[in-house]
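Me: I have a structure open and want to learn how to read its features. Can you take me through them one at a time?

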Amino acid sequence: MKIKICGLFREQDIEFANEAKPDFIGFVFAEKSKRFVNARQAEDLRKNLSKKITAIGVFANAKTDFICELHQNKTIEIAQLHGSESDDYIRELKSKCSIPIIRAAMASETADCREAFQCALAAGDYFLLDSHTPGSGKAFNWEHLRNIDLSKNIFLAGGINLENIKEAMMLNPYAIDISSGAETDGIKDREKILKLVEAARCFCKQKKN
């Protein structure tokens, strides 16, 4: 199981990530987000990020050329789409650059999760299931996910924190995605990041044993 810490926007955040060593970090390029970074900021932050950590760009209806430029200059390695991007949009993006894609869906929009997974994976490379208010720190009801195999390319997000990360990991997703759960007063918290990544690593070791 992998772990992603999303919404890094300060040099200290990069330092915390390099120390904790999550599998992924996220730069948010959606301007309405309080964690927004522009292309120049993300490029500067990426230069100091460990090469062992994969950088993901989070977008909402961004121009495909903008995403490709960030990918081509190695600011990001994966694109996470949180807007109303259509299948045609994804095909256009794929035709311009070979960037892997995470397609997000809100829990309140997925009455049949199996069907939602199949549709998202058909158009993208990964699927992310989030709460109706991304980045809010609010979890959704995970009960209906318990009989679904999340281990193949499924990111689980939405209100995951130190109190409920073990419950989230019991669902066995491909990756856990955490943003506000790694913060205190809206700022990334070193101790929380370290403990969250440690919890994920310990869970994986226990599964192997």
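This is a predicted model: local features need pLDDT of at least 70, side-chain atom pairs count only at pLDDT 80 or more; totals for chains, interfaces and linings use all residues.

Me: Which ring does Phe 29 stack with, and at what distance and angle?

Reply: The general idea: a pair of aromatic rings is described by the distance of the centres and the angle of the planes. The count for this structure is seven aromatic pairs. In one of them, the centres of Phe 29 and Phe 59 are 5.1 Å apart and the planes lie at 5°, so the pair is stacked. Phe 29 is in the loop between strand S2 (24–28) and H2, and Phe 59 is in strand S3. The two are 30 residues apart, and the pair links distant parts of the chain. Phe 59 is buried, with a relative accessible area of 1%.

Me: What kind of pair do Tyr 126 and Phe 155 make?

Reply: Read the angle again. The planes of Tyr 126 and Phe 155 stand at 85°, with the ring centres 5.8 Å apart, so this pair is edge-to-face. The cut-off for that label is over 60 degrees. Tyr 126 sits in strand S6 (residues 126–130) and Phe 155 in strand S7 (residues 154–156), so the pair ties together parts 29 residues apart in sequence. Both residues are buried.

Me: Which residues do ring pairs link into a cluster?

Reply: Phe 24, Tyr 126, Phe 155 and Tyr 174 are the members.

Me: Now charges. How many salt bridges does a search of the whole structure find?

Reply: The general idea: side chains of opposite charge can pair when their charged atoms come close. The search gives 15 salt bridges. Take Asp 88 and Arg 91, whose side chains meet at 2.4 Å, N to O. Both belong to helix H4 (residues 87–96), and because they are three residues apart, about one helical turn separates them. Asp 88 counts as exposed at 52% relative accessibility. Arg 91 is also exposed, at 52%.

Me: Where do Asp 44 and Arg 40 lie, and how many residues apart are they?

Reply: Both are in helix H2 (residues 39–47), four residues apart, about one turn of the helix. Asp 44 is partly exposed, with a relative accessible area of 30%. Arg 40 is exposed, at 58%.

Me: Which parts does the pair of Glu 77 and Arg 46 tie together?

Reply: First the geometry. The closest N and O atoms of Glu 77 and Arg 46 are 3.2 Å apart, and the two form a salt bridge. Glu 77 lies in the loop between helix H3 (64–72) and strand S4 (78–81), and Arg 46 in helix H2, so the pair joins parts 31 residues apart in sequence. Glu 77 is partly exposed at 32% relative accessibility. Arg 46 counts as buried, at 12%.

Me: Which residues does Thr 54 touch, leaving out those up to four places away in sequence?

Reply: Glu 77 comes up again. Thr 54 touches Asp 23, Phe 24, Ile 25, Glu 77 and Ile 78. Thr 54 is found in strand S3 (residues 54–59).

Me: On to helix packing. At what angle do the axes of H3 and H4 cross?

Reply: Read distance, angle and hand in turn. The axes of H3 and H4 come within 10 Å and cross at roughly 40°. The crossing is right-handed. H3 contributes Thr 64, Asp 65, Ile 67, Cys 68 and Gln 72, and H4 contributes Tyr 89, Glu 92, Leu 93 and Lys 96. By type, the residues of this contact are four nonpolar, two polar and three charged.

Me: Last, the whole chain. How many helices and strands are there?

Reply: The chain has seven helices and ten strands. Of its 209 residues, 51% are buried.

Conventions:
Residues are numbered from 1 along each chain as its sequence is written. Side-chain values use heavy atoms; hydrogens and water are left out. A salt bridge is a side-chain nitrogen of Lys or Arg within 4 Å of a carboxyl oxygen of Asp or Glu. Buried means under 20% relative accessible area, exposed over 50%, partly exposed in between (1.4 Å probe, protein chains only). Contact means heavy atoms within 4.5 Å. Axes are lines fitted to C-alpha atoms, for helices over the stretch in contact, and angles run from 0 to 180 degrees between N-to-C directions. A crossing is left-handed if the near helix is turned anticlockwise from the far one by less than a right angle, and right-handed if clockwise. Ala, Val, Leu, Ile, Met, Phe, Trp, Tyr, Cys and Pro count as nonpolar, Asp, Glu, Lys and Arg as charged, and the others, Gly among them, as polar. Rings of Phe, Tyr and Trp (its six-membered ring) pair if their centres lie within 6.5 Å; planes under 30 degrees apart count as stacked, over 60 as edge-to-face and the rest as tilted.
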